[in-house]
Amino acid sequence: MSKTRNDLLLERREAAVARGVSLAHPVFVERAENALLWDVDGKRYVDFAGGIAVLNTGHRHPKVIEAVRKQLDKVTHTCFQVTGYEPYVELCERLNKLAPGPGPKKTLLMSTGAEAVENAIKIARAYTKRSAVIAFTGGFHGRTLLSLALTGKVAPYKAGFGPMPAEVYHAPFPNTLHGVSVDDAMHGIEQIFKCDVEAERVAAIIVEPVQGEGGFYIAPKEFLVRLRELCDRHGIVLIADEIQSGAGRTGKMFAMEHFGVAGDLTTIAKSIAGGFPVSAVTGRAQVMDACGPGGLGGTYAGNPVACAAACAVLDVFVQERILERAELLGKRMSTRLQAVADRHAEVAEVRALGAMIAMELCRDGDPHQPNPELAKALTTRARELGLILLSCGVYGNVIRILVPITAEDAVVDEGLDIIERVMDGLCKASSARKTA
């Protein structure tokens, strides 16, 4: 049997690319449009991964591509610290208006989510003149060394890369399904203050309002309100990591808006530029200005092409009412997935905030027995049937859905049909094995 182009590219990849760069699916994409992909062998896929939450406005949105083409004809790079350019300033102005919390605000642009997180910590330390940072179990904040220290999941991110930067501490993230209450989480922070570092030495607490890689667990409003009060009481900077939950995924521009709570700093990346690399830290001007000139920046940070793309994405959000669409899409998908959960005890829970949706898989109806094997079987079989899915969670047993918010209903239903078909088959087979 002759090898496919995918097979040949996989061989080349294995020979040329570092082993530490994983590949969820052995597929090489030739082209993409909105929520559809075509691989190098011509097979069509529905994309429920969205480049890991990067494509809320879909692959190659026409207005984003148009803005990028126009910018390509003007300037592609000067380094903003050498000579300025308007797209950087415009994007900062717009993010200052959109980010939750009272003004005035200011913004720093970078290229990746991890850079945004690292710089948010730098800014918090400069502002408070303190050093310690508290994060949460299950959180994900990036793969650079400081952001890795903040991340609350060992495999595969931390394993073999220690020692981690000092003065980073982890408290439990509230999780009703797994028996961690808001009181438990707050008590965990107080224990850190009692046993590890005094509150007066903590520069920042960083939290995802909806955990991304950790399993799409939604922070209770009470928790975020109490966290805000605690930070205010002790002079601690609250950092809202909205890299995955922001840019409209939850039906609000930022997930924190659901809870009526704002961080002093907000980290932004992923879908804000429709697939082009730009990230941001937006926050209270007084905090943002704690760093002196030259203390922040980067050679490629706030690239003009990426900034033009981001401004176009923000236009699309208004023109196409993306936030309203996210709410409708979320209801459509969660209703279908809940029907699957009602049929199969292997689904411990369906979680949704807007269009940020997860399905957690377990064994024997017990949420405390994670089932990563079922998650792997589901993503593999779904791909064979033409659907790209991703798993997540500390145990790899959560299916996360990040389909472009701009996806047509028919395409979304096609993907959901595949999930339903595969789950019915896999769970029926699992039941048959138990009976036998």
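Two strands are said to pair if DSSP finds at least two bridges between them. In this predicted model, strand E5 (residues 132-136) meets that condition with strand E7 (residues 202-207), the two running in the parallel sense and joined over 3 bridges. Within this pairing, Ile134 has Ile205 in E7 as its bridge partner.

Both strands belong to an open sheet of 7 strands, whose order is E4-E10-E9-E8-E7-E5-E6 and whose pairing is mixed. Strand E4 (105-110) and strand E6 (168-171) stand at the edges, and because each has a single partner strand, one side of each is left without a neighbour in the sheet. Direction ignored, neighbouring strands of the sheet are turned by 20° against each other on average.

Two of the helices that pack on this sheet may be described in turn. Helix H5 (residues 113-128) touches E4, E5 and E7 together with strand E8 (237-241), strand E9 (265-268) and strand E10 (279-284), and its direction makes about 25° with that of E10. Helix H7 (residues 182-195) packs on the sheet through E5, E6 and E7, and its direction makes about 150° with that of E6.

In soluble globular proteins, nonpolar side chains tend to be buried together. The largest nonpolar core of the model has 92 residues, and Phe48, Met359 and Met423 are those with the most contacts inside it. Helix H10 (residues 304-319) supplies the largest share of this core, namely 11 residues. When neighbours within four places in sequence are left aside, the residues in contact with Phe48 include Leu387, Leu389, Ile401, Val403, Leu416 and Ile419. A second, separate core has 40 residues, among them Val210, Cys231, Ile236 and Ala240.

Notes. Residues numbered from 1 in each chain as written. Predicted model: local features only at pLDDT ≥ 70, side-chain atom pairs only at ≥ 80, totals over all residues. Heavy atoms only, no water. Core = buried A, V, L, I, M, F, W, Y, C linked by side-chain atoms within 4.5 Å. Buried < 20%, exposed > 50% of the residue type's maximum accessible area, 1.4 Å probe, protein only. Helix = DSSP H or I, 4+ residues; strand = E, 2+ residues; numbered from the N terminus. Contact = heavy atoms within 4.5 Å. Axes fitted to C-alpha atoms, helices over the stretch in contact; angles between N-to-C directions.
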